[in-house]
Amino acid sequence: MSEPLLLQPSVPYPPSELEVNDNDGMELLSASWNQDYGCFAAGTSRGFRIYNCDPFKEIFRRDLKSGGFGIVEMLFRCNILALVGGGSNPQYPPNKVMIWDDHQSRCIGEFSFRSDVCAVKLRKEHIVVALEHKIYVYDFTDLKLLHQIETFSNPRGLCCLSHHSNTSVLACLGLQRGQVRIDHFGLKMSKLIDAHDSSLACFTLTMDGLLLATASTKGTLVRIFNTMDGTRLQEVRRGVDRAEIYSIALSPNVQWLAVSSDKGTVHIFSLRVRVVGEESSNHYSTAQSPTVHQNFSNNLLSPNTGGNPGSSLSFMKGMLPKYFSSEWSFAQFFVPENNRFVAAFGSQNSVMIVGMDGSFYRCTFDPLNGGEMSQQEYIRFLKIDNRPK
């Protein structure tokens, strides 16, 4: 496979034009961040588009007269993309993964399966394909199969990869309900974490793969785990009512957690976990593994950040139901209910939110006082056809 190149714009996008006018009848089928959250890819019923987040602009598009993409997975900002057909008129069969080289404008690899592809994840060394009951891991250089992993029923295609150059970690479903399997490929070690009693709805890893954040289909609690030994480090509460969790994001400095759901609120939580030593992950590939610690007191937090609020009755947590000792969100941003939004962290205490209604928000939060976040930017990047089919 040829050396990846940076993506190059193919269609100019006027920065002042905040709503495109040529999308009548188009559906937005998917929206996914790249590995460093600097870009996101939008799969539509008539092609796909790549957007830069800061400053917001369309980098390029591939518009087709017909043919949709249900999955468009980027590899940072290089010319290699993984594509899976989707929508009522898919460009490719939904049981195929096409590895697309946009520099050559052609497919350079293809994987076919007996069932539909639920998700694809990329890193420089690996291609990971999730089916409903199995995970396949391929070598990116020669496309040879490296691992096959049986999983619990996984129609959401839940899986994620670490993206630090010195760690190679895969998180996927285990064989039991609510269980996450962690594979540390560099250490040739696997770990099973019983994260929730209910089925899993969403999870994510830190860039180095040392921390895992999970939520179940109940959608009330989010838990943070050490992927090395499986210990639970922190638990935060999104709410009391059942909710569908759309996304979980961890900030690059591992100080913050963002959660979006169908309740119309993006919640920000303060984290009390840290990896010991700034260069811990650099030693990951050696015999000595990094360690993860929990800060049990808000006094140990950075002086520039606040802690999550708790119940005024939390001092009685040994005598009252667990609800009363919960950690609640530190900051919040409100979006329209019942529309799917995915969130990620930007620079300087900012959060970026992409909606399946074709909207992009950028908001900021006060790291000391929390509360309602401030909207800094709103862009309608795609005019969506919401008419009943």
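Begin with a strand pair: five bridges join E14 to strand E15 (residues 179-184), and the two run antiparallel. Before going further, a word on what you are viewing: this is a predicted model, in which local features need pLDDT of at least 70, side-chain atom pairs count only at pLDDT 80 or more, and totals for chains, interfaces and linings use all residues. Residues are numbered from 1 along each chain as its sequence is written, and side-chain values use heavy atoms, with hydrogens and water left out.

**Stop 1**

Two strands count as paired if DSSP finds at least two bridges between them. Select valine 169 and look across to E15, where its bridge partner is histidine 184. Then move to the hairpin of E14 and E15, which has five residues between the strands; there glycine 178 takes a positive phi near 80°.

Now turn to the strand E13 (residues 159-161), which pairs with E14 in the antiparallel sense over three bridges. Cysteine 160 has alanine 171 in E14 as its bridge partner.

How many residues of strand E14 (residues 169-173) are buried? Five of the five are, so the strand is largely enclosed by the rest of the structure. Buried here means under 20% relative accessible area, exposed means over 50%, and partly exposed lies in between (1.4 Å probe, protein chains only).

**Stop 2: cysteines**

Stay in this region and select cysteine 172, which is buried with a relative accessible area of 0%. How many disulfides are there by the distance rule? The count comes to zero, a disulfide being a pair of cysteine sulfur atoms within 2.5 Å. For cysteine 172, the nearest cysteine sulfur is that of cysteine 159, 7.5 Å away. Cysteine 78 is also worth a click: it is buried, with a relative accessible area of 10%.

**Stop 3**

Most residues other than glycine have a negative phi, and most peptide bonds are trans.

- Select aspartate 54 and proline 55: a cis peptide bond joins them, with omega about 0°. Proline 55 lies in the loop between strand E3 (47-53) and strand E4 (56-63).
- Select phenylalanine 76, in the loop between strand E5 (69-74) and strand E6 (80-85). This residue is not a glycine, yet its phi is positive at about 50°. With 30% relative accessibility, phenylalanine 76 counts as partly exposed.
- Select lysine 188, in the loop between E15 and strand E16 (189-194). Lysine 188 has a positive phi of about 55°, although it is not a glycine. Is lysine 188 buried or exposed? Lysine 188 is exposed, with a relative accessible area of 81%.

**Stop 4: aromatic rings**

Show the side chains of Trp33, Tyr37, Phe40, Tyr51, Phe56, Phe360 and Phe381, which ring pairs link into a cluster. Rings of Phe, Tyr and Trp (its six-membered ring) pair if their centres lie within 6.5 Å; planes under 30 degrees apart count as stacked, over 60 as edge-to-face and the rest as tilted. By this rule the count comes to 21 aromatic pairs. Zoom in on tryptophan 33 and phenylalanine 40: their ring centres are 5.9 Å apart and their planes at 75°, so this pair is edge-to-face. Tryptophan 33 is buried at 12% relative accessibility, and phenylalanine 40 is buried at 0%.

**Stop 5: aspartate 102**

Aspartate 102 sits in the loop between strand E7 (96-101) and strand E8 (106-112), and at 8% relative accessibility it counts as buried. Which side chains does it contact? That of arginine 62, in a polar contact of 2.5 Å, and that of tryptophan 100, at 2.9 Å. A polar contact is a pair of N or O atoms within 3.5 Å; within protein, one must be able to donate a hydrogen and the other to accept it, and residues adjacent in sequence count only if both atoms are side-chain atoms.

**Last stop: an open sheet**

Finish with the open sheet of four strands, ordered E9-E10-E11-E12 with antiparallel pairing. Strand E9 (119-122) and strand E12 (145-150) stand at the edges, each with a single partner strand, so one side of each is left without a neighbour in the sheet. Four bridges join E9 to strand E10 (residues 126-130), and valine 120 stands opposite valine 129 in E10.
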